[in-house]
Structures are given as C-alpha cells and as structure tokens.
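Here is a friendly walk through one protein model, written for someone who likes to know the cut-offs behind each term. Please keep the viewer open as you read.

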Amino acid sequence: MANRSKRRRPLRTLLILAAAALLTALFVRWDNTALQVTHFEPVFTGLPEGFDGCRLVVLSDLHGGEFGPENQELFAAAAEAAPDYIFYLGDLEDLYRGPREGYAEEVARGLSAIAPLYYVTGNHEWAIGGVPELKARLESCGAQVLSNEFATLERNGDTVVLAGIDDPNGYADQKTPEQVAAEIYAAHGDPFWMLLAHRNNEFAEQYSLLGADLVLSGHGHGGIIRLPFTDGLLSVERTFFPSYTAGLYEENGSALFVTRGLGNSGPTFRLFNRPEVAVVTLRSS
C-alpha cells in the first residue's frame, strides 16, 4: 500500500501542474483579448464651457489585432461610450506581422461611422512603409489624418484646436512639433489646444514644453507587464520601470493622457494589462 501511494504522488503532482499551466494559459489569453473600457475625467481651467463633458474615445496600438470578427467587439465598445470624437494614436498595423489587405480601411470605416475620427501615425506605419498611400486610404474611409497640422473642433458654440504630429520615424525634413505649435499660436493666439502624438516617452523632454493643454499618446503598451506600485515593468524599448505608460500625468503645465493600447507587437504579450478602450471626458473647472 505504501509503495502504491508513493507511485500516485508523481501523477497527482503532474495533474496539478498541468491544471495550473492550463489555467495560466487561459488567463493570459483572456488578459490579451478581453477589452477593458476605462474612464478618465481630467479637469482644465481653460477649457471652453462648450466642451465641458466632451467625450473622447482614445485608441492606439492595434498592431493588426482583432477583437471579434472584423473588430466588431471593438466598434461596439467604442459606440457604447457615445463619444463626440475618436482619436487613434498610431501603430494601426504591425511590422512583424505585416499589413493585411483591407485591414486599415476596415478599422477606419468602423470607427468613423461612430464619431469623427482623427488619426496620427506611429513608428510601425513608417517601419512598414507606404505611409502616404496609407493616409490616403484612411481618409477615403472617413478618417481625418493629422500630419504635422491642426484643425479646429466645434461644440456648443465654442472651439478648441486639435493638432497631430507624425511619428519621429517619419521624414527627416518633416515639420517639427515646435513649428506646429508656433503655427497654432500665430493663427489662434492662445487657444485651448490638444496634441495627438504617438510616443509617450517624448512627453517630458519635448511635448510638455509646447504649451498644449492636453497631449494624448500611446506607444507604451501600459508598460507591457503591470505590477502593483509600478507604472509598468518594461518600456517598448526594453528598459525597466518606465513612466508615462498609462493614465493621466502632468509636467511643465501640460497634461498627458496615455492609453495602454490594444494590441501586441510580434510575439509579445501583456500581463495584468488588458487591451484598453479609453474614454476621456473633458471637464471645465
């Protein structure tokens, strides 16, 4: 009897380990495919009253991913938020997987059917190549691409300025963020303005110095692995304990919102860091 009991112990251990491995695999899959809708309400003293309560859906870093057939789960989550505008902050497709024919158009059509869609490029668009053609295809499907330029948004009789810059991976002679900011001030005086800029890690040293009231970024993937009391474990540049990876920050009088994004690049995966549909509601103090 004693020998039989000893023989059973390795089998029991193997079954426990197999069950633990299966549960871990299921959790990681869920953690990378189950959308999480998050809500933020930054308050601004200079926000025009007409934009109090303006709701933005902020998306980034799909990397060619899909949430439901043809991204219908993503579109449904965005539509349920009833946004005034949708901002898409780059890395629509992934260099390592390669673009799928019709994917960009499918996403642009689905999102622009919900609310006005504004788009800026990320580093992967430029790494893949063919950016001018991609921009034209997105615009033909309802997106407004902001390429180192700005537009005015209107709501309840008030206006704000929305600027968007191409990723630094873009053309070497492209207009700088500083030039875009100078053009905004020349055209509008001292307006309330927002900046769409893919790279979260450029905020402290550059984007926060431009004078924008709110900068919106992606790129950081939430720090990839999120642990208690950290702002993410890894940057996408593979440095440890990065900052500015998720949520609201402030530096040099400028606010930053960073979305954790939606997808993964190449073989990477997320942990304790679900794909995010961020809903940012602007509030006037």
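At what angle do the axes of α3 and α5 cross, and within what distance do they come?

## Ground rules

This is a predicted model, in which local features need pLDDT of at least 70 and side-chain atom pairs count only at pLDDT 80 or more, while totals for chains, interfaces and linings use all residues. Residues are numbered from 1 along each chain as its sequence is written, and side-chain values use heavy atoms, with hydrogens and water left out.

Helices (H or I, at least four residues) and strands (E, at least two) are DSSP runs, numbered from the N terminus.

## Helix α3 and its crossing with α5

The axes of α3 and α5 cross at roughly 35° and come within 8 Å. Axes here are lines fitted to C-alpha atoms, for helices over the stretch in contact, with angles running from 0 to 180 degrees between N-to-C directions. The crossing is right-handed, that is, the near helix is turned clockwise from the far one by less than a right angle. Ala104, Glu105 and Ala108 of α3 meet Leu134, Arg137 and Leu138 of α5, where contact means heavy atoms within 4.5 Å. Four of these residues are nonpolar, none polar and two charged. For that count, Ala, Val, Leu, Ile, Met, Phe, Trp, Tyr, Cys and Pro are nonpolar, Asp, Glu, Lys and Arg are charged, and the others, Gly among them, are polar.

Helix α3 (residues 103-112) is largely enclosed by the rest of the structure, because eight of its ten residues are buried. Buried means under 20% relative accessible area, exposed over 50%, and partly exposed in between (1.4 Å probe, protein chains only). The buried residues include Tyr103, Glu106, Val107 and Leu111. Elements packed against the buried part of α3 include β3 (55-59), α2 (72-80) and α5 (131-140).

Six strands make an open sheet with mixed pairing, in the order β1-β13-β3-β4-β5-β6. Two strands pair if DSSP finds at least two bridges between them. β3 and β4 run parallel over four bridges, and Val58 has Phe87 of β4 as its bridge partner. Across β5 and β6 lies α5, running at about 145° to β6.

β11 and β12 (residues 254-258) run antiparallel, joined by five bridges, and Tyr249 faces Leu256 of β12. Two residues separate the strands of this hairpin, and Asn252 takes a positive phi near 55°.

## Asp167 in its loop

Is Asp167 buried or exposed? With a relative accessible area of 1%, Asp167 is buried. This residue sits in the loop between β8 (158-164) and α6 (177-188). Its side chain makes a polar contact with that of Arg199 at 2.8 Å. A polar contact is a pair of N or O atoms within 3.5 Å; within protein, one must be able to donate a hydrogen and the other to accept it, and residues adjacent in sequence count only if both atoms are side-chain atoms. Leaving aside residues up to four places away in sequence, Asp167 also touches Trp126, Gln174 and His198, among others.
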